[in-house]
Amino acid sequence: MKKIMFLLLIAIIIVCCSKTETEITTLKPGLIILSPEIAEIVCALGGEKNIIAVTNECNYPEILKYKEKVGSFSSPNIEKIIALHPDMIFISGLEQEVIKSRLNKLNLPVYQFYPKSINDLLKTFEEIGILLGKEKSASEIIRNYKKELNAIHIPATKPKVYVEIYNKPLMTASSNSFIGDLIEKSGGENIFPTLPRDYCHVSAESIVEKNPDIIIVTYQGISRSEIKKRLGWENVSAIKNNRIYTTEDIEVDLIVRAGPRSIEGIKILSKVFQDFNEK
């Protein structure tokens, strides 16, 4: 009888231990995400249920519109973030460097991801996949992204491309930025491959001198006709041949956000560059 009771006790212990391990492995870390491109990556991996809150700019996919908001990309509400007790806070680069410092001083669990190229983006999928226990999803996304990227046709003659990310002052992206890498992976030649910073002011005179074949505008509030009327730009190839693409022509988030949808941005730009070669 004693032997039976002993075996029964061992069985109960084993069952209890197994249950505890299962509970641990199914725990979901609560995330606060301050960057829209990182939020897109987490959702693509299937981690949307982990998200406690996001910033106002996190608007894709649709489910993010219904998540708690903690301020904006450049000015998150630190007090609210603390009150929500996140297990992890995901942030990006640029002006979020200052935010990272503030959060670090408060000993909050900050994880920074700032993809500056397609290769960086694929590594970010992998890193976040490991953090969330979504390694299989990450591997599948990376495999499919590479497959679609390898199918992109690079024209023999690359058009010279000027990307305008702002106009007051005129600003563009170097090849050391995600947008710059996207242009080159799509088959274009960035007319400003090297700049002091990833995103940098350039003069109107330097743009005219480099004579881009294609102009791509990534911000709202300016039309094609306004760009064509710029003083001294009338002899620029893109102006003369009406090869100006604004946010009315291209969904800008597909090319400015370093996220899973960027492969669709590459396809769109590749088509634009192919059309240039065919005309």
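A residue is called buried here when its relative accessible area is under 20%, exposed when that area is over 50%, and partly exposed in between, with a 1.4 Å probe and protein chains only. Helices (H or I, at least four residues) and strands (E, at least two) are DSSP runs, numbered from the N terminus. The model is predicted, so local features need pLDDT of at least 70 and side-chain atom pairs count only at pLDDT 80 or more, while totals for chains, interfaces and linings use all residues. Residues are numbered from 1 along each chain as its sequence is written, and side-chain values use heavy atoms, with hydrogens and water left out.

After α2 comes Gly46, with a positive phi near 90°.

Helix α6 (residues 135–150) has 16 residues and reaches 22 Å from its first C-alpha to its last, close to the 22 Å expected at 1.5 Å a residue, the expected span being 1.5 Å times one less than the number of residues. Its buried residues are Ala138, Ile141, Ile142, Tyr145 and Leu149. They cover an arc of only 100° around the axis, which puts them on the same side of α6; the arc is that of the directions from the helix axis to the C-beta atoms. An α-helix has 3.6 residues a turn, so residues three or four places apart point the same way. The face of α6 turned away from the buried side carries the exposed residues Lys136, Arg143, Lys147 and Asn150. Among the elements covering the buried residues of α6 are α2 (36–44), α5 (118–132), α7 (178–185) and α12 (262–278).

**Asn277**

Asn277 is placed in helix α12 and, at 32% relative accessibility, counts as partly exposed. Leaving aside neighbours within four places in sequence, Asn277 is in contact with Pro155, Thr157 and Pro159. A polar atom of the Asn277 side chain lies 2.9 Å from the backbone oxygen of Thr157, and the C-alpha atoms of Asn277 and Pro159 are separated by 7.8 Å although the two residues are 118 residues apart along the chain.

**Strand pairing**

Two strands pair if DSSP finds at least two bridges between them. In strand β6 (residues 160–164), 4 of the 5 residues are buried, so β6 is largely enclosed by the rest of the structure.

| Strand pair | Bridges | Sense |
|---|---|---|
| β6 and β9 (residues 189–190) | 2 bridges | parallel |
| β6 and β11 (residues 214–217) | 4 bridges | parallel |
| β7 and β8 (residues 170–173) | 2 bridges | antiparallel |

A separate description applies to the open sheet of 3 strands in the order β7-β8-β10, in which the pairing is antiparallel. β7 (166–167) and β10 (199–201) stand at the edges, each with a single partner strand, so one side of each is left without a neighbour in the sheet.

**Backbone features in loops**

The peptide bond from Lys168 to Pro169 is cis, with omega near 10°, and Pro169 lies in the loop between β7 and β8. The bond from Tyr60 to Pro61 is also cis, with omega near 0°. Asn107 has a positive phi near 60° and counts as exposed at 69% relative accessibility.

Methods. Contact = heavy atoms within 4.5 Å. Polar contact = N/O pair within 3.5 Å; in protein donor to acceptor, adjacent residues only side chain to side chain.
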